[in-house]
Amino acid sequence: MCGLVGIVGGNDVAAEIYDALTMLQHRGQDAAGIMTCSRGKFLQRKGEGLVKDVFRTHHMSRLLGSFGIGHVRYPTQGSSGTALAQPFYVNSPGCRWTTNMSSSVSQWQLESSRTRCPALA
């Protein structure tokens with residue numbers, strides 16, 4: 001089991017993603033991560049542990065952007081560890097973030113008419 005949330009909004013969405021992940025914490029307690037996009041740059045924080053332990057105030061203040069995704073992980077396969085905390089960043093055209101949900105891969109492409117995250121080289 002894992003939990004995944006995506007939010008597109010008019011303001012910084014990291015706090016809303018954090019709140020959603022705390023509500024999804026029962027879906028995964030091994031690791032947590034948030035990735036946002038601000039002014040064409042991906043901003044990310046992820047680590048092992050509960051949501052409340054992975055994200056501190058200084059981490060949250062750096063996660064700017066009007067859209068993003070969050071993930072909580074429960075390891076059903078393989079091992080655990082910080083390297084397996086998600087979401088994973090995939091360097092490809094457009095705003096593509098990848099997160100692994102129980103052996104199947106879901107790609108999320110988030111766009112807004114007001115905000116676009118250009119491809120990163």
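The model is predicted, and local features need pLDDT of at least 70, side-chain atom pairs count only at pLDDT 80 or more, and totals for chains, interfaces and linings use all residues. Residues are numbered from 1 along each chain as its sequence is written, and side-chain values use heavy atoms, with hydrogens and water left out.

**Overall fold**
- The chain holds 3 helices and 7 strands, which follow the order β-α-β-β-α-α-β-β-β-β along the sequence; helices (H or I, at least four residues) and strands (E, at least two) are DSSP runs, numbered from the N terminus.
- Among the 121 residues of the chain, 42% count as buried, that is, under 20% relative accessible area, with exposed meaning over 50% and partly exposed in between (1.4 Å probe, protein chains only).

**The hairpin**
- Ala31 has Glu48 in β3 as its bridge partner.
- The hairpin of β2 and β3 has 2 residues between the strands, and Arg39 takes a positive phi near 50° in this hairpin.

**Leu84**
- Leu84 lies in the loop between β4 (67-73) and β5 (88-89), and it counts as partly exposed because its relative accessibility is 29%.
- Leaving aside neighbours within four places in sequence, Leu84 is in contact with Arg73 and Ser79, contact meaning heavy atoms within 4.5 Å.
- Leu84 and Glu48 are 36 residues apart in sequence, while their C-alpha atoms are 8.8 Å apart in space.

How values were computed: Two strands pair if DSSP finds at least two bridges between them.
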